Amino acid sequence: MPHLHLNHNKQEAAMPEDAKKVIPIGDRRKKEAEDERTLTRKWGKGTVALGYTVVPSALLRGQARLGIGPNELAVLLHLMDHWWRPEEMPWPSKKTIAERLSVSTKTVQRAIVTLEEAQLLRRNERYHKTGGRTSNEYDLRPLVERLKPIVADMEKAEKDGKATKRAAERPGLRKRQTAS
């Protein structure tokens with residue numbers, strides 16, 4: 001089931017651009033309300049009221065396949081927490097991420113370099129109007145693209161597993177013994 005990307009600030013909800021199914025707006029609102037009720041039951045009203053970030057299961061389950069360690073995953077999660085709109089990439093400072101993770105900015109910097117080398121993000125330099133540097137923007141679209149084949153493989157494995165189970169449950173699967 002495709003995940004709805006819910007805005008951290010809950011101002012906007014958008015389907016992934018490659019979604020094949022059109023969901024009427026009323027149904028989307030109903031789904032969002034159900035998702036929020038479920039989250040509230042799990043995490044508590046106060047926790048959910050502060051906002052939340054949707055993390056695709058494919059990212060967590062595919063971490064080893066993406067070749068990233070715990071520091072890189074933690075940095076990705078914090079970048080995702082700042083990614084509120086699909087068309088606007090996040091730009092938190094390394095210092096902010098480091099403070100949240102209780103690590104050095106150098107650790108965050110190394111993780112970002114690793115993520116960039118793994119082609120999971122692109123770093124774009126940003127500048128103040130006066131010309132001075134400010135925090136980088138982190139384009140996460142490469143991560144989205146890298147997850148697509150992982151998702152396809154996971155979907156195929158699930159489908160193949162269901163087909164194998166159905167075949168095993170059908171009568172006549174075992175070869176009948178012939179009379180000698």
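Of the 180 residues of the protein chain, 26% count as buried (under 20% relative accessible area, with exposed meaning over 50% and partly exposed in between, using a 1.4 Å probe on protein chains only). You are looking at a predicted model, in which local features need pLDDT of at least 70 and side-chain atom pairs count only at pLDDT 80 or more, while totals for chains, interfaces and linings use all residues. Residues are numbered from 1 along each chain as its sequence is written, and side-chain values use heavy atoms, leaving out hydrogens and water.

**Start with the whole chain.** Show it as a cartoon and you can follow 8 helices and 4 strands; these are DSSP runs numbered from the N terminus, helices being H or I with at least four residues and strands E with at least two. From the N terminus on, the order is β-β-α-α-α-α-α-α-α-β-β-α. Among contacts (heavy atoms within 4.5 Å) between residues at least 6 apart in sequence, 55% join residues at least 24 apart.

**Next, select residue 102.** Serine 102 sits in the loop between α6 (94-101) and α7 (105-117). Its phi is positive, about 55°, although serine 102 is not a glycine. Is serine 102 buried or exposed? With a relative accessible area of 67%, serine 102 is exposed.

**Move on to α7.** The end C-alpha atoms of α7 are 18 Å apart, in agreement with the 18 Å that its 13 residues should span at 1.5 Å a residue (the expected span is 1.5 Å times one less than the number of residues). Now show the side chains of Thr107, Val108, Ala111, Ile112 and Leu115, the buried residues of α7. Look down the helix axis: these residues fall within an arc of 135°, so they line one face of α7 (the arc is taken from the directions from the helix axis to the C-beta atoms). They pack against α5, α6, β3 and β4.

Glutamine 119 belongs to the loop between α7 and β3, and at 57% relative accessibility it counts as exposed.

**Now the hairpin.** Select β3 (residues 122-127) together with β4: the two strands pair in the antiparallel sense over 5 bridges (pairing requires at least two DSSP bridges between the strands). Between them are 5 residues, and in this hairpin glycine 131 takes a positive phi near 105°. Across the pair, arginine 126 stands opposite threonine 134 in β4.

**Zoom in on serine 135.** This residue lies in β4 (residues 133-139) and is buried, at a relative accessible area of 15%. What does the side chain of serine 135 reach at 2.7 Å? It reaches the backbone oxygen of tryptophan 91. Its side chain also makes a polar contact with the side chain of arginine 126, at 2.9 Å (a pair of N or O atoms within 3.5 Å; within protein, one must be able to donate a hydrogen and the other to accept it, and residues adjacent in sequence count only if both atoms are side-chain atoms). Leaving aside neighbours within four places in sequence, serine 135 is in contact with Trp91, Pro92, Ser93 and Arg126.

**Finish on α8.** Then pick out Pro142, Leu143, Leu147 and Ile150, which are buried in α8. The buried residues of α8 pack against α3 (57-61), α4 (63-66), α5 (70-81), β3 and β4.
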